[in-house]
Amino acid sequence: MSVVIKGVIKIIKETESFDSGFYKRQIVVTEEGQYPNDIPIDFLKDKSDVLDNFGIGQEVNVSVNIRGSEYNGKNYVSLNGWKIETVNGGQQEDAGQFNPPPMNNNPQ
C-alpha cells in the first residue's frame, strides 16, 4: 500500500549501517493540523541518498509504502519512503533539484 505524507521535516538522522551490508536513513516529518503528528519514515539503501538534498524545516510530500511484519508473536508496522518532493508555493520539485537558499551573513 502506498500513501503520500505531507508535512515539515523535523529531523534528518545519519545513515545507519548494519553488518549484513544493509543501510537506512530515517527522517521525522511533522504533519500539521489540530493534532500534529511526528511520523518517522525510513529510506532504505540507495533511496537514503536523496535525503542529502533536503533540510530541516522544509515542507515536503513523502511517498511511502506501508509494511507490516510479525516477529516473536508481535506485529510491527514501518513506513518506507521511496520518493520525496519539496512543496514551494504549490509547485513541487524533484528531490534532485533542491538547492538551499544562499546564506546572508551580511545583513544590512
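Visitor: Which residues in the largest nonpolar core touch the most other members?

Guide: Keep in mind that this is a predicted model. A nonpolar core is a set of buried nonpolar residues joined through side-chain atoms within 4.5 Å. Here the largest one has 15 residues, and Ile-27, Ile-41, Val-62 and Ile-84 touch the most other members. Two or more residues each come from β1, β3, β4, β5 (59-71) and β6 (74-88).

Visitor: Which residues does Ile-27 touch?

Guide: Leaving out residues up to four places away in sequence, the contacts of Ile-27 are Ile-11, Ile-12, Ile-39, Pro-40, Ile-41, Phe-43, Leu-51, Val-62 and Ile-84.

Visitor: How many residues of strand β3 are buried?

Guide: In a regular strand the side chains alternate between the two faces of the sheet. Strand β3 spans residues 23-31, and seven of its nine residues are buried.

Visitor: In which sense do β3 and strand β4 pair, and over how many bridges?

Guide: Strand β4 covers residues 37-44 and pairs with β3 in the antiparallel sense, over eight bridges. Thr-30 faces Asp-38 of β4 in this pairing. Strand β1 (residues 2-12) is also antiparallel to β3, with four bridges, and there Thr-30 is the bridge partner of Val-8.

Visitor: What lies between the two strands of a hairpin, β3 and β4?

Guide: Five residues separate β3 from β4, and Gly-33 in that turn has a positive phi of about 145°. A hairpin is also formed by β2 and β3, again with five residues between them; its turn holds Gly-21, with a positive phi of about 100°. Strand β2 (residues 16-17) runs antiparallel to β3 and is joined to β3 by two bridges, with Ser-17 opposite Tyr-23.

Terms used:
Residues numbered from 1 in each chain as written. Predicted model: local features only at pLDDT ≥ 70, side-chain atom pairs only at ≥ 80, totals over all residues. Heavy atoms only, no water. Buried < 20%, exposed > 50% of the residue type's maximum accessible area, 1.4 Å probe, protein only. Pairing = 2+ DSSP bridges. Contact = heavy atoms within 4.5 Å.
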